[in-house]
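Below is a short briefing for a reader who is new to this structure.

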Amino acid sequence: MEHVTINVSGMSCEHCVKAVEGSVGELQGVKKVSVNLAKGKVDVEFDTNMVSLDKIKETIDDQGYDVK
């Protein structure tokens with residue numbers, strides 16, 4: 001398992017939290033995802049054999065948020 005913190009801008013409300021946590025959480029290999037709205041950060045714990053960090057970032061981007 002790998003744990004990363006991704007900086008994300010554009011998240012401003014509870015809907016944003018649910019969109020990111022829901023979409024990333026559905027990826028196969030993601031064990032845990034948690035959004036810190038105040039800090040603009042997304043913590044993700046995932047299995048690198050099942051999903052890549054690039055795929056996680058792409059999924060966040062697809063929800064309309066900017067991954068830094």
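**Fold and pairing in brief**

Ile6 has Val42 in E3 as its bridge partner. This is a predicted model, in which local features need pLDDT of at least 70 and side-chain atom pairs count only at pLDDT 80 or more, while totals for chains, interfaces and linings use all residues. Residues are numbered from 1 along each chain as its sequence is written, and side-chain values use heavy atoms, with hydrogens and water left out.

**Overall make-up**

- The protein contains 2 helices and 4 strands; helices (H or I, at least four residues) and strands (E, at least two) are DSSP runs, numbered from the N terminus.
- Read from the N terminus, the order of the elements is β-α-β-β-α-β.
- The radius of gyration is 11 Å, close to the 11 Å that the globule rule gives for 68 residues, so the protein is as compact as a globular protein of that length. The radius is taken over C-alpha atoms, and the rule is 2.2 Å times the number of residues to the power 0.38.
- The C-alpha trace spans about 30 × 20 × 20 Å along its principal axes.
- Of the 68 residues, 35% are buried; buried means under 20% relative accessible area, exposed over 50%, and partly exposed in between, with a 1.4 Å probe and protein chains only.
- The accessible surface is about 4100 Å², and carbon and sulfur atoms account for 41% of it. Accessible areas come from the Shrake-Rupley method with a 1.4 Å probe; for residues, only the protein chains shown count as cover.
- Among contacts (heavy atoms within 4.5 Å) between residues at least 6 apart in sequence, 59% join residues at least 24 apart.

**The sheet**

- The 4 strands form an open sheet in the order E2-E3-E1-E4, with antiparallel pairing. Two strands pair if DSSP finds at least two bridges between them.
- Strand E2 (30-36) and strand E4 (66-67) are the edge strands, each pairing on one side only.
- Strands of a sheet pair through backbone hydrogen bonds, either parallel or antiparallel.
- E2 is joined to strand E3 (residues 41-46) by 6 bridges, and the two run antiparallel. Within this pairing, Ser34 has Asp43 as its partner in E3.
- E2 and E3 make a hairpin with 4 residues between them, and Gly40 in the turn has a positive phi of about 65°.
- E1 pairs with E3 over 6 bridges in the antiparallel sense. Thr5 stands opposite Asp43 in E3.
- E1 and E4 are joined by 2 bridges and run antiparallel. Ser9 stands opposite Asp66 in E4.

**Faces and helices**

- In a regular strand the side chains alternate between the two faces of the sheet.
- The covered face of E3 holds Val42, Val44 and Phe46, while Lys41, Asp43 and Glu45 are on the uncovered one.
- Helix H1 (residues 14-25) lies across E2 and E3 and runs at about 165° to E2. For such angles, axes are lines fitted to C-alpha atoms, for helices over the stretch in contact, and the values run from 0 to 180 degrees between N-to-C directions.
- Helix H2 (residues 53-62) lies across strand E1 (2-9), E2, E3 and E4, at about 30° to E1.

**Salt bridges**

- The structure has 2 salt bridges, each defined by a side-chain nitrogen of Lys or Arg within 4 Å of a carboxyl oxygen of Asp or Glu.
- One of them joins Glu45 to Lys31, with the closest N and O atoms 4.0 Å apart. This pair links distant parts of the chain, since Glu45 is in strand E3 and Lys31 in strand E2, 14 residues apart.
- Glu45 is partly exposed, at a relative accessible area of 23%, whereas Lys31 counts as exposed at 59% relative accessibility.
- Lys55 and Glu58 also meet through their side chains in a salt bridge (3.7 Å, N to O). Lys55 and Glu58 are 3 residues apart in helix H2, so about one helical turn separates them.
- Lys55 is partly exposed, with a relative accessible area of 37%, and Glu58 is partly exposed at 40%.
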